[in-house]
Amino acid sequence: MLLARNVWGGGVAKASLALIACVVAVMVAPQPVQAQDSETTVDEIIVTARRSGAPMWEVTRGDSTVLLVGAIQAVPAGIEWRPDALEQATRQAQRVYFPQHVSASPADLFRVIWRSRTLTRMPEGRTTADYLSPEWQARLDALEATYDEDWSRDSFLILSSELLSDRLGMRDRGNQKVGEVVRRAARRARVPVTSIGSVRGDAVIDDLLTRRPETWVPCIEAAIVAGEAGRPAVEARGQAWIRFDVPAVMESPIEGALSQCWPWGDPALGTLLRGQWISAVEGALREPGVTLAVAPLRVLAETGGVLDDMERRGFEIIGPDWRADQAGD
């Protein structure tokens, strides 16, 4: 997830509201709607969905089919894919699965406001140089000079957002997001929508507030590499995505940073989120008809991810190669 940049001078309440909004937006659960009857065949739905240009995989057991759509953040402007085809396939599916949602309360919001400095600034008297090696600090210094910034006192949560979101344009709305396309089509067609799990807001906030700065170092190092690669790396990742070159997407420094950073790089939270996806796919394979599931590509294609798990248990998976060692199989 990419958290919004905190404008420290803009006031504690404003910064905290932005932070809690983004924490909650990690996994927003759409409201369930009623199903519509459809006589469209499974093959028709799959053929339509594949015309969208988004990488996806078909897993079938008996009369149950799960169509796993691998989504990435920030498909750059100019990358051509066909959202209309994915919308049509969504309208024809029996159900849609989306990522987890955070169940946050007003108390959680006030807690973030009260503790906003912990989330946005380094511990008193500390800077990034206290946690990064001299080599990595020098590389960060070079990026600061490039952008005329001083991030030495920003928390690593904010620094990772600065490097990935703001400097690489990962929040640019150059293209429609896969999740937004599917959510809009499901709502209009009244296709049942389910969030595959939930995470308690207080647990998320506890995780962020209690994480020691040194545990963020792998994330920051990966974010520095991504920052050095620059926007050409974002473009190359988008091109690989529409070419179904999943190994190239996974090897991108952008994807590497997103995998290392919060929440996916957090040992406890990342494990929980991944486990919920595997359980959700298992459950969908017990439901008749077609389940269209929008999942982060990295959760599907990473080593030990959903696709590896399905393959290990003997399911036939139809779709693009997701590991580099599959080329030529």
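Entry 1, the pocket. I took a pocket to be an open set of grid points with protein on both sides within 12 Å along at least five of seven lines. The model I examined is predicted. I looked up the second largest pocket and noted a space of about 250 Å³. I then listed its lining, which comprises 16 residues; T118, R121, S155, R211 and P213 lie nearest the centre of the pocket. By class, I recorded nine nonpolar, two polar and five charged residues in this lining.

I next asked which helices each supply at least two residues of the lining. They are α5 (116-120), α7 (156-166) and α9 (201-210). Of the contributions to this lining, that of α5 is the most, at three residues.

Entry 2, α3 and α8. I turned to helix packing, since two packed helices are described by the angle between their axes and the distance between the axes. For helix α3 (residues 83-92) and helix α8 (residues 178-189), I found axes that come within 8 Å and cross at roughly 40°. The pair is therefore oblique. I recorded the crossing of α3 and α8 as right-handed. On the α3 side, the contact is made by P83, L86, E87, T90 and R91. On the α8 side, I listed V178, V181, V182, R184, A185, A186 and A189. I counted this contact by class as eight nonpolar, one polar and three charged residues.

I examined helix α6 (residues 134-147) against helix α10 (residues 217-229), whose axes are 10 Å apart at an angle of about 45°. The crossing in which α6 passes α10 is left-handed. I noted W136, R139, L140, L143 and Y147 as the residues of α6 in the contact. Their counterparts in α10 are E221, I224, V225, G227 and E228. The classes in this contact are six nonpolar, one polar and three charged residues.

I recorded a left-handed crossing for α10 passing α13. From α10, I listed P218, C219, A222, A223, V225, A226 and A229 in the contact. How many charged residues does the contact of α10 with α13 have? I found no charged residues there, with ten nonpolar and two polar ones.

Which residues does a cis peptide bond join? They are W262 and P263, and omega is about 5°. I placed P263 in the loop between α13 and α14 (267-284).

I then looked up D148, which is not a glycine but has a positive phi of about 55°. I located D148 in the loop between α6 and α7.

Terms used. Residues numbered from 1 in each chain as written. Predicted model: local features only at pLDDT ≥ 70, side-chain atom pairs only at ≥ 80, totals over all residues. Heavy atoms only, no water. Axes fitted to C-alpha atoms, helices over the stretch in contact; angles between N-to-C directions. Helix = DSSP H or I, 4+ residues; strand = E, 2+ residues; numbered from the N terminus. Left-handed = near helix turned anticlockwise from the far one by under 90°. Contact = heavy atoms within 4.5 Å. Nonpolar A, V, L, I, M, F, W, Y, C, P; charged D, E, K, R; others polar. 1 Å grid on protein atoms, 1.4 Å probe; cavity = no way out; pocket = protein on both sides within 12 Å on 5 of 7 lines; lining within 4 Å. Points joined across faces, edges and corners; volume = space filled by probe spheres on them. Parallel < 35°, antiparallel > 145°, perpendicular 65-115°, else oblique.
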